Amino acid sequence: MEAFALMLSSSINGGTVLALAALGLLVNERAGVVNLGAEGMMLIGGLAAYATALHHPSGLAFAAGAGAGAVLAALFGLLVVALGTNQYATGLALTLFGSGFTAFAGEGLVDKQLPDLPRPMIPALADVPFLGHVLLGYHPLIYFAAALAAGLAWFLFRSRPGLVLRAAGESPSSAHALGLPVLRVRFAAVVFAGALCGLAGAYVSIVYAHLWVEGLTAGKGWIALALTTFATWRPARVLLGAYLFGGVTMLQFHLQGRGVDIESHLLGMSPYVATILVLVLISRNRAWVRVNMPASLGKAFRPDN
Amino acid sequence: MAAPSVSSPPSSGASRLLSARAAALLSPLAALVITVAIGAALFAALGKPPARALAMFFVEPLRDGRALSELLIKATPLAMIALGLAIAFRANVWNIGAEGQFILGAIAATGVVLFAGPGAGRWVVVALLVAGVAGGMIWAAIVAWLRDRFSANEILVSLMLVYVAELLLGYLVYGPWKDPEGFNFPQTITFAEATAIPRLVTGYRANWGSVVALASTACAWLFLYRTYAGFQLEVGGIAPRAAAYAGFSPRRALWTALMISGGLAGLAGALEVAGPLGQLTPHLPVGYGFAAIIVAFVGRLHPIGIVFSSVLMSMFYIGGELSQSRLGLPKALTGVFQGLLLFALLACDALVERRKRR
């Protein structure tokens, strides 16, 4: 029981990174924009947060991470939304720039130790059986991610601005004809996603890994992108999927901890193979994906005056 | 879509063609100028003399025979991978996992070398190159099959397979393929003389891989512009509906695009491990597979353009290394410039496109 609780809580911890990023990406995909720059924005956010956390309180560091992600996303938005560049190519440029820039600017931070943050996670509540592990004593951002999923579900499907946002992703020309500001909505959605990806990166560097190395996020941005498809663009399913993936990532450490004899490189493949499997499972039902996918996802929109 | 404007007279076909060609060349050049300008500002901000720093990128790599040979060594894999990617991108197949296919090519080639043993004859070079192509193709075939059979997104699958390939490489060189007399370093034995790609000129590291790359360029050009299969592929990419009406199979285009791009990336991997490296190590992947995406776009997805853009990207790599050894800047500077170049290119393309529309 105790081992199971520990496993569950560490899955939630690991899944939160994916949840934060994927919830952001969900919003910009609902608005019709695919941003393959997720990985780059997470790296930049992670580096900005880490550099800030060395000398400042962690609240400020998280803000720096989110801010850095948002700035990079704004650059992407400028190209994709305002100039109508190819979304795939521009997103790739963002990821390539992000990984290059963070490798360059972060080289001096690799051996810098973060001051020990008060980590309210597991030890303090070890005495409360089961519930203590599963429900209490996490980092505040974990509750934030769960609340965000609920908030986004309400926003997207129960509020008028959410309807406008979805209209921009389903049929931008109709939305434009109705006088809705499609381009502004898309831009705002992109920046929002950038801030969340930056925040997710900050969570990786400050809380999850507690260190900085080149390429720290190790494909989590890409997995988050896959998660939005897996979740058929619904916030609650994103959250669930993220915890599931968090579990897969954690599984390797648990197996190793229990002395299961699988070579670490081979075990390390599990999150990536799991992502492929999940993509295959969800995509094989084409009708299901097509019904749920924003109809104008990935397509540039230019209003004709 | 806006109706064609009546007020402006239609431009003659010839001059329009000329301006389209000029525009196609203009935006990579403009993007390069922008990247260099930002680079100069960056160097100045870091307190390094910009002129000297930029010389590391654009003068030093051309200085003498040895420098040119190093330039060729890096341009070769970049060009080969980019040629395949250009064909895939033209077919609107987004293979972004060339890095993984490159690694698999190198792994397959190494497998042949290890299997053949130290006494192997010169034939092993051919065998290892064939194995490299096959390795890259198999890795790309996973992508093609999952896309074809289950419509799984090729971007995400090919990218995930890069991580799997890196881990597979790690597993092999830390585990079963580790040189038993290598002082526990994670690397295979040093390959025998017989397996080495022959050099172009004695005393210089540049090898026949560059000739293979040039031949690939010619083949890619012939395929794209002189074969029916190439034509079908391109129509499918530009106008999938027209291709469907014409009866061109999108499945065949998907497989062709991935087999060509995977095979070329695998070949590049085999040439790399049997050429400049001479053994399999975890340091094999240096991002050529990703840089080649930029090379393909900067080269306008055209084989001839790619020859030039691969040399440019090779300069970025060498400039980054020289900045590290001589100016004390991190080598990762190369990645910053790569990203900037692609950003600038996309922006310039969009602006040129806008002007054309007016």
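**Entry one: a phenylalanine in chain B**

I began with Phe308(B), which counts as partly exposed because it has 17 C-beta neighbours inside 10 Å. For this label I used C-beta atoms placed from the backbone: 20 or more others within 10 Å of a residue's own make it buried, 12 or fewer exposed, and anything in between partly exposed. Phe308(B) sits in helix α12 (residues 303-327) of chain B.

**Entry two: ground rules and confidence**

I noted that this is a predicted model, in which local features need pLDDT of at least 70 and side-chain atom pairs count only at pLDDT 80 or more, while totals for chains, interfaces and linings use all residues. Residues are numbered from 1 along each chain as its sequence is written, and chains are lettered from A and ligands numbered from 1 in the order in which they are written.

The pLDDT is the predictor's confidence in each residue, from 0 to 100. Chain B has a mean of 90, with 94% of its residues at 70 or more. Where in chain B is confidence lowest among the helices, and where highest? I found the lowest mean, 82, in helix α1 (residues 13-45) of chain B, and the highest, 97, in helix α5 (residues 124-150) of chain B. Over residues 1-13 of chain B the pLDDT is below 50, and this stretch makes 2 contacts beyond near neighbours in sequence. Where pLDDT is low, the predicted coordinates should not be read in detail. For the complex, the predictor gives an ipTM of 0.91 and a pTM of 0.92.

I counted 14 helices and 0 strands in chain A. These are DSSP runs numbered from the N terminus (helices: H or I, at least four residues; strands: E, at least two). Of its 305 residues, 52% count as buried. The C-alpha trace of chain A spans about 65 × 45 × 35 Å along its principal axes.

Axes here are lines fitted to C-alpha atoms, for helices over the stretch in contact, and angles run from 0 to 180 degrees between N-to-C directions. Under 35 degrees is roughly parallel, over 145 roughly antiparallel, 65 to 115 roughly perpendicular, and the rest oblique.

In chain A, helix α7 (residues 160-170) and helix α9 (residues 182-208) have axes that come within 9 Å and cross at roughly 100°. I therefore wrote down α7(A) and α9(A) as roughly perpendicular to each other.

In chain B, helix α3 (residues 65-90) packs with helix α10 (residues 250-277) at an angle of about 170°, their axes 7 Å apart. That makes α3(B) roughly antiparallel to α10(B).

Two residues are in contact if their C-beta atoms, placed from the backbone, lie within 7 Å. How many residues does each chain bring to the contact? I found 38 from chain A and 38 from chain B. On the side of chain A, α4(A) gives the largest share, 12 residues. By class, that side has 22 nonpolar, 11 polar and 5 charged residues. Ala, Val, Leu, Ile, Met, Phe, Trp, Tyr, Cys and Pro count as nonpolar, Asp, Glu, Lys and Arg as charged, and the others, Gly among them, as polar.
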